[in-house]
Amino acid sequence: MANDKDFVVSKDVEIGKDSKVTIGTISNNAVDLSSGNFFTDTPAGAVTYTFNNPGAVQTFQMKLTGGSSAAITWPNSVKYEGGTAPVAPGNGQIDTLTFTTDDGGTTYIGVLTGHNLS
């Protein structure tokens, strides 16, 4: 029955599936997005993260526990509210961030979702 509410599905669709959190790996400050969607790290000193192997559309989270004198440089492809990246968590403090890309990693939207969760 044709009407203006018809639609065509051209790829696989899953409805009603559970969301899964997979712990990913960070090696030499490179966040391997093909390995998971939740990453933890304790940056100490100056750290420059890179995001590698993104999917076409992908959201992932990072939980950072501040180490001594932590200072973080994020990829230039990450855009933040107001144009300013959040600072590294203080020593022993925990911050969480969520990143989303819908263009295969050309740009990311970064959101500080938890600050000083101690």
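Trainee: In which sense do S6 and S9 pair, and over how many bridges?

Mentor: Strands of a sheet pair through backbone hydrogen bonds, either parallel or antiparallel. Here S6 and S9 pair in the antiparallel sense, over 8 bridges. Strands are DSSP runs (E, at least two residues), numbered from the N terminus, and two of them pair if DSSP finds at least two bridges between them. Within this pairing, Met62 stands opposite Leu97 in S9. Please note that this is a predicted model, in which local features need pLDDT of at least 70 and side-chain atom pairs count only at pLDDT 80 or more, while totals for chains, interfaces and linings use all residues. Residues are numbered from 1 along each chain as its sequence is written, and side-chain values use heavy atoms, with hydrogens and water left out.

Trainee: With which residues does strand S10 pair with S9, and what lies between the two strands?

Mentor: S10 comprises residues 108–114 and pairs with S9 in the antiparallel sense over 5 bridges. Phe99 stands opposite Gly110 in S10. The hairpin of S9 and S10 has 6 residues between the strands, and Gly104 takes a positive phi near 70° there.

Trainee: What is the order of the strands in the open sheet that contains S5?

Mentor: The order is S1-S2-S5, with mixed pairing of the 3 strands. S1 (25–27) and S5 stand at the edges with a single partner strand each, so one side of each is left without a neighbour in the sheet. S1 pairs with S2 (residues 30–32) in the antiparallel sense over 3 bridges, and the bridge partner of Ile26 in S2 is Val31.

Trainee: Which residues of the largest nonpolar core touch the most other members?

Mentor: A nonpolar core is a set of buried Ala, Val, Leu, Ile, Met, Phe, Trp, Tyr and Cys residues joined through side-chain atoms within 4.5 Å. The largest one has 17 residues, of which Val31, Tyr49, Phe51, Phe60, Met62, Trp74 and Phe99 touch the most other members. S6 (58–65), S8 (78–80) and S9 (94–101) each supply at least two residues of this core; the largest share, 3 residues, comes from S6.

Trainee: Is Phe51 buried or exposed?

Mentor: Phe51 counts as buried because its relative accessibility is 11%; buried means under 20% relative accessible area, exposed over 50%, and partly exposed in between (1.4 Å probe, protein chains only). Phe51 lies in S5 (residues 50–52). Its contacts (heavy atoms within 4.5 Å), not counting residues up to four places away in sequence, include Val31, Trp74 and Phe99.

Note on methods:
Helices (H or I, at least four residues) and strands (E, at least two) are DSSP runs, numbered from the N terminus.
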